[in-house]
Amino acid sequence: MSASHRTHIYCREMRMKLEQEHENVLRGEDGEAMALAMKTLVAYGEAFGAKRLVPIKSAHLTGSFGISPFSAYYQILGRLADEGAKFKVPTTLNPRPGRDLNIINRLIFGRQKRLESCYSALGITPNYSCVCYFNANVPALGDRIAWAESSAVQYANSALGARTNRNSILIDVCGAVTGLTPEFGYLLDENRRGRVLVRIKIDRMDPPALGYIIGKTVVDRVPVIEHYPFSREELKNMGGAMAASGGVALFHVEGVTPEAPDMKTVFDGSPKETITITQADLDAMRSKNTEKIRHVIFGCPQMTADEAAALAERFAGKKTALPVWFCMIPDEMKQFEQTGLFRKAREAGVQVYDHCPLASLPVRKKSHTVLTNSGKLYYYLENTEYGATDDCLRACGVL
Ligand code: F3S
């Protein structure tokens, strides 16, 4: 590093108090790329009023799609790797993008191998899933972590009671290589209290639809849903939708999630606002145009082996009328592949993948309308309709 560059890095206007060892990193003692990572983290924290950096237990990264326009990102990862930097905490990574699905994807994701070799040099845990929190990277109640990927952030904060902000791509890498995150937002008790009470008047629960409506309504406030016995997969799918249609990073469910033993505790008093979501609200989300559907997708966030098995039973002994994808957590897909239900799903015409469906369908014909029971995929993927699980099975002709 040149002397002038080093001086420029060090002579910042200090508002955040740093430990001496972190000042040393900032000064360039661990290399120029590490100094820039620390500088970025400090600037990020100062922008949000953080007073200090705190150690983290783990990181989760979102930059898993090797597309060519991200060349600056690959350069930064490459510089860190060339300087011998390593992730300081266990660090997992989002799904692969389905590069080998077709020739177009091979062109779009032409930097995938380069990206993965940089991550490997830095010491990634190669789980390749947004659902890291069921096995690859499971934080405990109260753990400070620095995760990106909105669907993973919401689960870690809400269902596990860990503490992370919704970090962006690159900020996530800075957290992983330094083992630190600025202390603000959802790391602080006062920002983890409930803000909006969500009453539910629902006969047929549809967690992704509920999450989607809550996200749209509360945007980035902390909702508290009155008691419902959601499974962990339902929390995953509801939270993923909430984090997409809104900016929700934390929600509570009365008597289910760890920071909401009862309403009084989670609100620290009474809620300032109450909303009610009804069966009619959920039903209004369901597609009325199923005749134009050309493709049905399950698994965003990616599916567990239990979810895949439950769906596969519905396909057993039948033939799907449309292309249908199960997108699964890679390790869970390996388990599922060992089962008879996997064979039955394949015989019915189901394609089972371990990539991210959103990344793998960037270019489609306009007539290629997708139906999904994922609130998140419905929000992000163009030309997509939402259906409850049974709507999707009906569109496949197996119900
Ligand atoms: Fe995961 Fe891709 Fe959906 S990263 S949450 S499967 S958009």
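Trainee: What share of the contacts with a separation of 6 or more comes from residues 24 or more positions apart?
Mentor: This is a predicted model. Take the contacts in the protein with a separation of 6 or more. Residues 24 or more positions apart account for 78%.

Trainee: Which radius of gyration does the protein have, and why does it agree with a compact globule?
Mentor: The C-alpha atoms fill a box of roughly 70 × 55 × 35 Å along the principal axes. A compact globule with 399 residues would have a radius of gyration near 21 Å, so the protein's value agrees. That value is 22 Å.

Trainee: How many helices and strands are there, and what percentage of residues is buried?
Mentor: The protein has 18 helices and 14 strands. Of its 399 residues, the buried share is 48%.

Trainee: Which residues does Val-177 contact, leaving aside neighbours within four places in sequence?
Mentor: Set its sequence neighbours aside, and its contacts are Met-34, Ala-37, Leu-80, Ala-85, Phe-87 and Lys-88.

Trainee: How many residues of helix α7 are buried, and what do they pack against?
Mentor: Helix α7 covers residues 150–158 and is mostly covered, with 9 of its 9 residues buried. Among them are Tyr-155 and Ala-156. Their packing partners are β2 (59–61), β4 (146–147), α10 (232–245), β8 (252–253), β10 (293–303) and α17 (375–380).

Conventions:
Residues are numbered from 1 along each chain as its sequence is written. This is a predicted model: local features need pLDDT of at least 70, side-chain atom pairs count only at pLDDT 80 or more; totals for chains, interfaces and linings use all residues. Two residues are in contact if their C-beta atoms, placed from the backbone, lie within 7 Å. Helices (H or I, at least four residues) and strands (E, at least two) are DSSP runs, numbered from the N terminus. The radius of gyration is taken over C-alpha atoms; the globule rule is 2.2 Å times the number of residues to the power 0.38. A residue is buried if 20 or more other C-beta atoms lie within 10 Å of its own, exposed if 12 or fewer, and partly exposed in between; C-beta atoms are placed from the backbone.
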